[in-house]
Amino acid sequence: MSGGRRFGRGKVSEVTLGDGLWLGAVLIAASLPLMGAVGFPVVACFITAILLFLNGLREAKGVSRLVLWGMLLIGAGVVWFVHGSVVGMEPGVALFLGLFGVKILELRRARDYRVALSLGYFLLLCNLFISSELSVSLIVGCLFLVLGMTLHRFHFGNARHGSQALRIATGQVAKILVQGAPIILLLFFFFPRAPQGFGVQLFRKQTTGMSDELRPGTVEELVADGSLAFRVRFLGYDPKQSPYYWRGVVLWQSRGLEWYRGGFRDMLAQGTTGRQGRWIHQEVILEPHGGYWLLALDQPLMGPERSRLQLGRYLLSRTRVDQRRLYEAFSGELVEPLSQMERAMALRLPRDEGAISQRLWDLADSWKGTPREKVAAAQRFFSSGGFQYTLSSGGYGHRDGWEMLDEFIFNRKVGFCSHYAAAYSSLMRMAGIPSRTIIGYAGGEWNPIGGFYSIYQSDAHAWSEVWLEDEGWVRIDPTRFVPGAAGQTPALPLQAVEEETAGDAVQGDFGGEGFLQMRRLSYQWAAINYRWTLWVLGYDHDVQREFFNSIGLYRFRTATIFLASLLAAGAVMAALWWWLRRPPAAEPLEMAYRQLGLKLARLGMERKPGETPAAYCERVVNLRPDLRPVLEPLFSRYALLRYAPWKLAVPEEDLAGFCREVAAFKPAKTVPEPVA
Amino acid sequence: MNRGRAGRSCSMTAGTWRLLAIIVATIYAAASQNNGPAYLLAFGLVAMGCVGLLYGWRNLAEVEVRVIEVMPAFAPPVAVTGEEPAEEAAADGEEVPERVRVRLAVRQVGERGGCYGVRLSLPGFEVVSGAELPPLATGEACEAVVTLAPLPRGVHRLEEIALSSLYPFGFLQVTQRTSLGGREFPVYPHPVSGGELPLRADFGDRLGTEGVRGDDFVGLRRYQPGESQRHVDWKAVARGHVMQVKQFGGDALKVSLLDWENLPGEVEWKLSRVAGWLLEKEKAGERYGLAFPGGAPSLGQGQAHLADLLERLARYPAQEARRDPAARRRKGWSFLRRGKREGAR
């Protein structure tokens, strides 16, 4: 091989240092975004393997077997140490990185190089699985281009080190992808998407998020988490009248400062009779959280397919939300009677006498009057009872929830929304008012460019609901009564909208055009991200089905469309293949000779198989002596063109002349009468 | 001469299966994880494969290849039993090419595009070096010299030339075959020198006085292209004869004629010895000749004469043909040559 290097053990490397550098650069760039998921040590091992490989190429001696086995052991050890298992998405990717690194260490042949580049595409795939952020997808897109350029460069020819190769590679690969864009788009929209739950699911590590039980500390954990929880777009409605409360899970079972979903968790809500006002139509993009709940504006009346409206009016998915979920839901105000069972559930307290301290009973009993007066009294208690809002309330140890409640109400008096909601609901029950606690999110960021709300994990919130005879379930957010919590409670949407639309106010508050520009840019990015999520990430089996229906394919099942498209694709491929593999056209000389044979065959003198030109000529001329002056020079010329010794070059004009003469040869059907 | 627009094909390689495997695996993974960008990645690879196929196809569509010359060579030594090992002609430091080299002209004839990553092969022959062509941009041309692995003695035929490339991504191999019309080239017998050979005695006496360095006109010889035209017999040319060169001699030049029939031993061995003898004589600047049965002895000197005689040796029928010596004597070597052609058709 030209340009090859000889290795120590007599092996010739078909891979140059330049090739190695390209490969190494792409793979290192592709492994960096994985660092967060697979851990720094694993990525470090992978990069070390690439550097060792490059060093081996530079010194033209390859990597020794000892280093190879050493790296294999170290890699396996690191993966085990970091992840403790090989099952699941993150350990799987880590294992892949480790094995890939070892594969690169023993890379010598052109074949290995091609295999490594192919595995590079799997590395890109890993990136897409680990993060569905638009930024990561963009990085992967760029690396896809560079990987294509690396492949192109490797197959460019023996001068693949030059800048010429790079220039042509960039142009060609970009051109190929642009020309291939219609194929990509067509396949993207028409290739049948598998329904949810297809194939082997690789579960992600539990992402942080809301949980379905409330204990001191469960919500505080989320405050620092700035990651996205979900995004909502309202369709044909602009709700401005109430603060945004996004209903997650309704907790029925009280244990003082702790709340659980309780024994009736699987009960469904009653039918949506007696609805009032209009339904708010919303489109939600929910990030995966590993639970079952589907967020919707308080209160959801109707959920998407494969979801249930639970008792207490909250949406639960039938399948675990391990992947981003795009759904539509309807919310609205609803007044419905409280059934006996619900009343019993909403008033349930521990049966044993000593569970709740006397101090707490006394407090609850001190609120007198109608239910509404009791609710107001409790609100006053929280606003003027010396309570304070804090994010660090300290732990309560492994104590009973009612003991915690006693401690909170009478001693500590500091807490977060989870404390206040839990305490308020529990105390309401003790005062004889049906109550429940709701976990969800409150607030959200309005994106004026994209026209949607972004709700982050830090917006997680808990609040209470009490049943009032003439008003139904009334939302009470006890955190709002606590001094110092004003900034932490959800902003009114009206305020949010006004803040963004009235640019002057923002400018006045934060000063400077630059900040506004930054803000606008970040909104723009979020808006692009939203569209990406909606159109690319959200295009799943259901959305595709809708798309098919909208273009008139509603009569066909997806399986039928799939089979038809497979058949069509197969037919196109077969046609293309047939066209590419069709037998080659004969060379001009042979074509002309065949033409001559055909012309003579029309006179009944077909060329016999294996008949030499001379013998053929002889036979024809004997039958038709009148053709002798034309045919003899023609045949001898053919023989000369075909069989001239290798030393004699035949000028091209001769060939052209022969072809012309054959074309001009038009023998009479019969022997012409000799002219007297 | 051989404008090869036809005969292009494409074939699957390991890269094809690798690409298909990646695409299938990626689509499966995308489906099971319901991951839109992963679908995009898979379809991007599909697009790369499909469009890349067309690029690879066009890469070889506008390339023209032509054989400029085939540089003949000598065959590697053949083991002959029952003969004492003789000193090889190459041993005295003279280079004897053992590998046939084919000089080719390759040209990109399109108006756009180029011709990249092309490997050249001659089906039926093993190419040792020079198979990789440099990248050719639009309208560029290059000359390639391809060295073939050692070949046995005889006349070989270049039936076709194949240009293949994995361009642009290595997912498919496109091959462009161009017919060379069975272009022949000789591989001379391996030269073995040393030892005396039985010369035809009477010949030396008759022409012994002929030489090249004298001033006396001794005869005419056919003009070889590239020769000096100083001694061309222009008068004869004016009369319509072929170009001939006047030869002068007269000094005592040794003339040797070797008679094939008088040589002992096996055919291949004899051929090797004769080849060695011819090289020796040419190197010594002598006038020499070779008499084959049924043919007139040719006498002469110079590279062209040497090449002519060596080619006759190359064309000498192989050992098996000797079983019918009568047929061989009747038709001579030319019989087999024609027969071989017909057989190859």
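**Backbone and packing chat**

Reply: Start with Asn34(B), which sits in the loop between helix H1 (14–33) and H2 of chain B. This is a predicted model.

Me: What is the phi of Asn34(B) near?
Reply: Near 50°, a positive value in a residue other than glycine.

Me: Is Asn34(B) buried or exposed?
Reply: Buried. The relative accessible area of Asn34(B) is 15%, and the cut-off for buried is under 20%.

Me: H2 comes next there. At what angle do H17 of chain A and H2 of chain B pack?
Reply: About 65°. Helix H17 (residues 513–537) of chain A and helix H2 (residues 36–59) of chain B have their axes 8 Å apart. The two helices are therefore roughly perpendicular to each other.

Me: Which residues make the contact?
Reply: H17(A) brings Trp532(A), Val536(A) and Leu537(A), while H2(B) brings Gly36(B), Pro37(B) and Leu40(B). By class that contact has five nonpolar residues, one polar and no charged ones.

Me: Switching to chain A. Where is Arg313(A)?
Reply: In the loop between strand E11 (307–310) and strand E12 (314–317) of chain A. Arg313(A) is not a glycine, yet its phi is positive, about 60°. Arg313(A) is also buried, at 2% relative accessible area.

Me: Cis peptides next. Which residues does the one in chain B join?
Reply: Tyr167(B) and Pro168(B), with omega about 0°. Pro168(B) lies in the loop between strand E8 (154–165) and strand E9 (172–188) of chain B.

Me: And what is omega from Asp298(A) to Gln299(A)?
Reply: Near -10°, and that bond is cis. Gln299(A) falls in the loop between strand E9 (296–297) and strand E10 (300–302) of chain A.

Me: How many residues of H14(A) are buried?
Reply: 14 of the 14, so H14(A) is largely enclosed by the rest of the structure. Helix H14 (residues 417–430) of chain A reaches 20 Å from its first C-alpha to its last, close to the 20 Å expected.

Me: What follows H14(A)?
Reply: Gly432(A), with a positive phi near 90°.

Me: Last one. How many helices and strands are in chain B?
Reply: Eight helices and 14 strands. Of the 345 residues of chain B, 51% count as buried.

How values were computed
Residues numbered from 1 in each chain as written. Chains lettered and ligands numbered in written order. Predicted model: local features only at pLDDT ≥ 70, side-chain atom pairs only at ≥ 80, totals over all residues. Heavy atoms only, no water. Helix = DSSP H or I, 4+ residues; strand = E, 2+ residues; numbered from the N terminus. Expected span 1.5 Å × (residues − 1). Buried < 20%, exposed > 50% of the residue type's maximum accessible area, 1.4 Å probe, protein only. Axes fitted to C-alpha atoms, helices over the stretch in contact; angles between N-to-C directions. Parallel < 35°, antiparallel > 145°, perpendicular 65-115°, else oblique. Contact = heavy atoms within 4.5 Å. Nonpolar A, V, L, I, M, F, W, Y, C, P; charged D, E, K, R; others polar.
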